[in-house]
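This report describes a single protein chain, going from totals to individual residues. Please look over the sequence and the coordinates before reading on.

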Amino acid sequence: MPKQVLKHQRIARVLAREIHSGALEPGSRLPGEHALTRRFAVSRATVRQALDELSKQGLISTHAGVGSFVTFDGGLLDNRLGWTRALADQGAQVTTEVLRLEAVRDARLAGELGIEGAEFMALDRLRVLPEGTPVALERSRVPMVAALADIPLGGLLDGSLTKTLAAAGIRATHGDEWASVRQLAADEATLLRRQEGEVWLNTRRVSRGADGQIVEQVTSLLDPARFQLHLGFGEQPQ
């Protein structure tokens, strides 16, 4: 039994790294159980344990008879939270609309983050349901470095910020996130096609690399009818 536990944890870690790095895209289908058993040379039961672990971490959503789908998108409040997979669990497909991708100067944000340079890559995105209803507005700010200088003109790699940063050798390993609720401002309500003053979930996440340097700040407005904050507590089983 101990060996089996170690095996499924190792597989879960490998797949989690591939999800976080962007090698496995949000909404993409994971290889089937048979393919994973061959890849890792383990039993199907061990693969299922690994997939269950990823599901508990909010990184995938499993549908009977369909397979496992990646739902991680850099928006997790914690790897035990479930709001990023809520739509996938309901069978909803979400598309992304890029509202803004450009280089900006923001001395105030640089001061808040405690960094010297005030140049950032700004990326604003809407997450939209198939019927055209926006459910999230995300504003990402990434400290500008030479490797990212051409991105505002050339676009993101495969439409993915995670892949773009990884290609530039930039990877987030840890960080902090805060959550609150607030009313939509007039311009936000227009973008989200809602009423000004509606109360939405508001999050702010600051990611850092292994060296402690800021990788990204992203603020998100999330439709409380679709997203929820879920916190685990107590001792975790060994």
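What does the accessible surface of the protein come to, and what percentage of it belongs to carbon and sulfur atoms? The accessible surface comes to about 12,900 Å², of which 50% belongs to carbon and sulfur atoms, where accessible areas come from the Shrake-Rupley method with a 1.4 Å probe and, for residues, only the protein chains shown count as cover.

## Basis of the values

This is a predicted model, in which local features need pLDDT of at least 70 and side-chain atom pairs count only at pLDDT 80 or more, while totals for chains, interfaces and linings use all residues. Residues are numbered from 1 along each chain as its sequence is written, and side-chain values use heavy atoms, with hydrogens and water left out.

## Overall make-up

The protein has 8 helices and 8 strands, both taken as DSSP runs numbered from the N terminus (H or I with at least four residues for helices, E with at least two for strands). Buried residues make up 42% of the 238 residues; buried here means under 20% relative accessible area, exposed means over 50%, and partly exposed lies in between, with a 1.4 Å probe and protein chains only.

Among contacts between residues at least 6 apart in sequence, 57% join residues at least 24 apart, a contact being heavy atoms within 4.5 Å.

## Helices α2 and α3

Two packed helices are described by the angle between their axes and the distance between the axes. For helix α2 (residues 33-40) and helix α3 (residues 44-56), the angle is about 105° and the axes are 9 Å apart; the axes are lines fitted to C-alpha atoms, for helices over the stretch in contact, and angles run from 0 to 180 degrees between N-to-C directions. The two helices are therefore roughly perpendicular to each other, a description that covers angles of 65 to 115 degrees. On the α2 side, Glu 33, His 34, Leu 36 and Thr 37 meet Arg 44, Val 47, Arg 48 and Leu 51 of α3. The residues of this contact divide into 3 nonpolar, 2 polar and 3 charged, where Ala, Val, Leu, Ile, Met, Phe, Trp, Tyr, Cys and Pro count as nonpolar, Asp, Glu, Lys and Arg as charged, and the others, Gly among them, as polar.

The 13 residues of α3 should span 18 Å at 1.5 Å a residue, and its end C-alpha atoms are 18 Å apart, which agrees; the expected span is 1.5 Å times one less than the number of residues. The buried residues of α3 are Thr 46, Val 47, Ala 50, Leu 51, Glu 53, Leu 54 and Ser 55, and just after this helix Gly 58 takes a positive phi of about 80°.

Most residues other than glycine have a negative phi. Ala 41, in the loop between α2 and α3, has a positive phi near 55°, and at 65% relative accessibility Ala 41 counts as exposed. Asp 158, in the loop between α6 (151-154) and α7, likewise has a positive phi near 55°, and Asp 158 is exposed with a relative accessible area of 57%.

Arg 125 lies in strand β4 (residues 119-128) and counts as buried at 8% relative accessibility. Not counting residues up to four places away in sequence, Arg 125 touches Thr 96, Glu 97, Val 98, Leu 99, Ala 136, Leu 137, Glu 138, Ser 140 and Leu 161.

Thr 164, found in helix α7 (residues 161-167), is buried with a relative accessible area of 4%. With residues up to four places away again left out, Thr 164 touches Leu 148, Ile 151, Leu 156 and Leu 157. Thr 164 and Ser 21 are 143 residues apart in sequence, and their C-alpha atoms are 9.8 Å apart in space.

His 174 is in strand β6 (residues 174-183) and is partly exposed, with a relative accessible area of 40%.

Glu 116 is found in the loop between α5 (107-113) and β4 and is exposed, with a relative accessible area of 84%. The C-alpha atoms of Glu 116 and Pro 143 are separated by 9.9 Å, the two residues being 27 residues apart along the chain.

Terms used:
Parallel < 35°, antiparallel > 145°, perpendicular 65-115°, else oblique.
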